[in-house]
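Let's take a walk through this one together. Have the viewer open and follow along.

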Amino acid sequence: MSGDGGGRRRTRWAGLVGLSTTRLWKRATRTTAGRVAATTGAVALTIALLLVVTGIALALAGGGAVATDDAAVRVAPEESGTLSAVDGVEGPRLGATNERAAAIRSRAGVEHASPVLVETVQLETADGDATHVLVVGVVPDEQPRTVAGLSTDSLESGDPHYAEGSYDGPRTGELVLSRDAAERLGASTGDELAASSVRTGDDAPSFTVTAVDAAADGRDADVPVALVHLSELQSVSGGDDGELADWVLVWGEAGAAESAAADAYPDAAVASERGVDPAALFDDGLAFATSAIALLVGVTICASFVATTMGMTVDEDRRTLAVLEAVGFPTHSRLAVVAISTLVTTLCGALLGVGLGVAGIAAVNAVAGATVAPGTVAIAHPLFVPYAIVVALLSGLVAVPYPLAVAARTTILEEVSR
Amino acid sequence: MGDEKVDRNNGSSRRPLDRVESVRMIHRSLRNTFSSTAGATDGDDSTAAVRLADVTHEYGSSGRRFRSSGERSVTALRGVSFEVRAGDVVGLSGPSGSGKSTILHAVAGLLVPTDGTVELLGTDVTALSDRERARLRRRHVGIVFQRFHLLPSLSARANVALPLVQAGIPRSRRRERATTLLEQVGLGDRVTHLPGELSGGECQRVAIARALATDPDVIVADEPTGELDTATGADVLEVLTDVGRDRAVLVASHDAATLAVADRVVSLRDGAVVDDER
């Protein structure tokens, strides 16, 4: 008996869902297309806006100017993401990196390993033009590698100044400038640049520009970056005390590189993923704040739209609810019809919004590329699809009490007597 | 077991007599389906399908919480008593405001009178909760409104099948049942039409088919021909009385032609029965 009752209940619920969706479909295509389109469109636009803003935040989080490299594996301290060029907040660093990178380098399957240190350093030309540049310290080898979007090709192989940890070897003084940094400094190949940080006093070490390199993918076009030998940067910044670096990059076969990196740094995060990880949003203050505000505003606006339009729809629809009551639908079934209609409309809006959002991100990139900021300023991610649906459903759930309240206030006799 | 009979009763090309017989078989099978879970006692020949005993109703005297104290109440029914047996077509006559619709609403459980009892198949409707009344209405009462009250965004078939959704009948059987009923009221070629694509008479026939969907014991019709011209109204009444055989039918109207189909007419004035012509 209970099985029969359960089956009947399931059939009833399936019927209610079918009734609600059929009604909605017929209204959208035949009877009241305008109202349904307005609700769906409002949800879609809100979701699209949310995705565009989140895409921009994701690009902020993942697109630090120094994050572009061609390594197979990146070892970063736990609880730290890539260092963002936007807020420049310094996170935890790895220690004894020169030594451990050498150990990783000696493993089979590993082509090369290099610690990478990122410091903001003021570079000054002989003419007195000075600007702050993100200087990236790296240990190059014979092969040209890309670090921070710049090629190591113009740097002498190895790191002679390191001298087995004594930091008294000969300085090469070589420096590769990004095109943007060169433009800001007005420097070109062969120019001398003086580097000063809080630690260097009057004896600011000088570097010679060996190359001006275009960015690897244009993403760092608005951030001045320079590439130097690691130990020379460590000496400038004070990183030589603990052989500090922000991360270690490992080139070679991914599996071997990963296990070598994990052995050398058992407590650090070893990432071989080369895409932008949405989790980076949580590591970057500005990006996280941007996406969180977008979420809050998105849910609020979306819920307001849905509540208003569905409330108006239900208000016009009181007679239908009265008919449902007359043919024996109890209150919970009538409210279920309203709730299902609201949530299905919201869901359709969300799916449309995902499409619009992805198109919006492409449009933002196109507009930015054509005007102020060449390169990717917003990134779409597959996780945006479930994200948009969950946000829309959340908005629908926030909104649903209002149409339900309107529906619950319907008096059947007033409606059927009209 | 009876459910299987429903599946075998289909086909629009058979002779009318066959069709009527098949509809009766469906009725019997549905009656079996519903009676197994019905809360009310099924009426037998000796029991009235509907019994009103000393029913009084005042609008504005109950219900809403925030009603202002200065609002006046209107007495719609005063000590109304009568009964309707299965197979009877009873007309309710009287001028506007005489209480005809209020009686129908009370019988259908859409309102609870302030005093007196309304029995439907032996169950006192006034003692039930909202949910129980909705269930009783779904199983035992079919309502036909003056203005049809079809859902504009559902096809004729989906409108007829509406009460079966809440009854938990599977989709295929809902469709089959609705199609058969539409054929029975002469709308076999209009099953997928929306109400906006049907004439007034056709809409009312769809409404009658909907009222029959759960094979109810009682049908209440409030001015069923009020929106129709004379000829269409006559057609609709023929359908209503034809399908209403073996059921208790209550028809409220102030149209003499409509009341002429009734076996008996209860006349009302100012909420009270002034004549119960047998």
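Start with chain B: of its 278 residues, 53% are buried. Keep in mind as you look around that this is a predicted model. The fold of chain B is built from 9 helices and 10 strands. Now think about who touches whom: if you take the contacts in chain B between residues at least 6 apart in sequence, 74% of them join residues at least 24 apart.

Over to chain A, where confidence is the thing to check. Its mean pLDDT is 79, with 84% of the residues reaching 70 or more.

Next, some side chains. Counting over all chains, the structure holds 1 aromatic pair. How are the rings of A:Tyr162 and A:Tyr167 arranged? Their centres are 5.5 Å apart and their planes meet at 90°, so this is an edge-to-face pair. Are these two tyrosines buried or exposed? A:Tyr162 has 15% relative accessibility, so it counts as buried. A:Tyr167 is buried too, its relative accessible area being 12%; the cut-off for buried is under 20%.

One last stop in chain A: look for A:Arg171, which sits over the face of A:Phe207, 4.9 Å from the ring centre.

Definitions and conventions: Residues are numbered from 1 along each chain as its sequence is written. Chains are lettered from A and ligands numbered from 1 in the order in which they are written. This is a predicted model: local features need pLDDT of at least 70, side-chain atom pairs count only at pLDDT 80 or more; totals for chains, interfaces and linings use all residues. Side-chain values use heavy atoms; hydrogens and water are left out. Rings of Phe, Tyr and Trp (its six-membered ring) pair if their centres lie within 6.5 Å; planes under 30 degrees apart count as stacked, over 60 as edge-to-face and the rest as tilted. Buried means under 20% relative accessible area, exposed over 50%, partly exposed in between (1.4 Å probe, protein chains only). A charge sits over a ring if NZ of Lys or CZ of Arg is within 6 Å of the ring centre and within 35 degrees of the ring normal. pLDDT is the predictor's confidence in each residue, from 0 to 100. Helices (H or I, at least four residues) and strands (E, at least two) are DSSP runs, numbered from the N terminus. Contact means heavy atoms within 4.5 Å.
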